[in-house]
Each structure stands twice: as structure tokens, then as C-alpha cells.
Amino acid sequence: MFTKQTYICAHVLVCLVDIAVDLLHDGAFRGSGLATREEVCRRFGVLLSRRRGEANISQAALAKAVGLSRTSITNIERGRQPVNIHTLYSMADILGVEVGD
């Protein structure tokens, strides 16, 4: 029998695979075959900024909703700060998208 934690781990794995496939299609995998942490953070930041804009939510409003500072949202969108998995799920919920989107 699968637990809720097993399903969450499986969903996170699927999301990571989706990100990797997206990076592969965009040519981010070069040389060693792995995207750098910085590249993943940068790509996520661009995606977050786009989704936030589509939802017409300000950085300050998103920050307040997920319990971060507006500066943290700015840093995330610029690829300078990674996102914890629980924050990722909160952001997706607030923006009305699935984590894999």
C-alpha cells in the first residue's frame, strides 16, 4: 500500500523529470550532461515570473502568501535563490497551477 508520502515523492520526481526534459529540449545539457544548479534556478525563476504575471499577482502579494520577503521573490525570479519543495507547492497553489506546469 502506498502512503501519502510515497505519492508526494513520486510527484516531485515527475516534476524534476519534467524540468530536466524541458532543459534538455532547450539545450541546457551540455558537456557533462547535467544542468547546473544555477541554470535550474534561473529557468525556474523565469517560469515563476511568467506565471505570477499571468495570475496578475505582485511580488509582494506572492511573498506574503507564501511567507517570504518580496526580496526573496525577486531573488528567486532572478535565479539567485533556490526554492524549498514546500514553498514550491505553496506557490503553485496560489498561482493556480500544478507543480509540473
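**Overall fold**

The model is predicted. The secondary structure of the protein consists of 5 helices and 0 strands, and the order along the sequence is α-α-α-α-α. The protein has 101 residues, of which 28% count as buried. Its accessible surface amounts to about 6,900 Å², and carbon and sulfur atoms account for 57% of that surface. When contacts between residues at least 6 apart in sequence are considered, 49% of them join residues at least 24 apart.

**The largest nonpolar core**

In soluble globular proteins, nonpolar side chains tend to be buried together. The largest nonpolar core of this model contains 13 residues. Those that touch the most other members are Phe44, Leu48, Leu62, Val66, Ile73, Ile76 and Met91.

The largest share, 4 residues, comes from H5.

How much of H4 is buried? Helix H4 is mostly covered, with 6 of its 8 residues buried. These buried residues are Ser72, Ile73, Thr74, Asn75, Ile76 and Glu77. They pack against H2, H3 and H5.

Ile76 illustrates this packing in detail. Apart from its neighbours within four places in sequence, Ile76 is in contact with Cys41, Phe44, Gly45, Leu48, Leu68, Gln81, Pro82, Val83 and Met91. Among these partners, Phe44, Leu48 and Met91 are also listed with Ile76 as core residues that touch the most other members.

Just after H4, Gly79 adopts a positive phi of about 80 degrees.

**Arg70**

Arg70 also lies in helix H4. Is Arg70 buried, partly exposed or exposed? Arg70 counts as partly exposed because its relative accessibility is 44%, and this class lies between the limit of under 20% for buried residues and the limit of over 50% for exposed residues.

With neighbours within four places in sequence left aside, the contacts of Arg70 are with Gln59, Ala60 and Ala63. Arg70 and Gln59 are 11 residues apart in sequence, while their C-alpha atoms are 5.7 Å apart in space. Helix H4 thus holds both the buried Ile76 and the partly exposed Arg70.

Conventions. Residues numbered from 1 in each chain as written. Predicted model: local features only at pLDDT ≥ 70, side-chain atom pairs only at ≥ 80, totals over all residues. Heavy atoms only, no water. Core = buried A, V, L, I, M, F, W, Y, C linked by side-chain atoms within 4.5 Å. Buried < 20%, exposed > 50% of the residue type's maximum accessible area, 1.4 Å probe, protein only. Helix = DSSP H or I, 4+ residues; strand = E, 2+ residues; numbered from the N terminus. Contact = heavy atoms within 4.5 Å. Areas by Shrake-Rupley, 256 points an atom, 1.4 Å probe, with all protein chains shown as cover.
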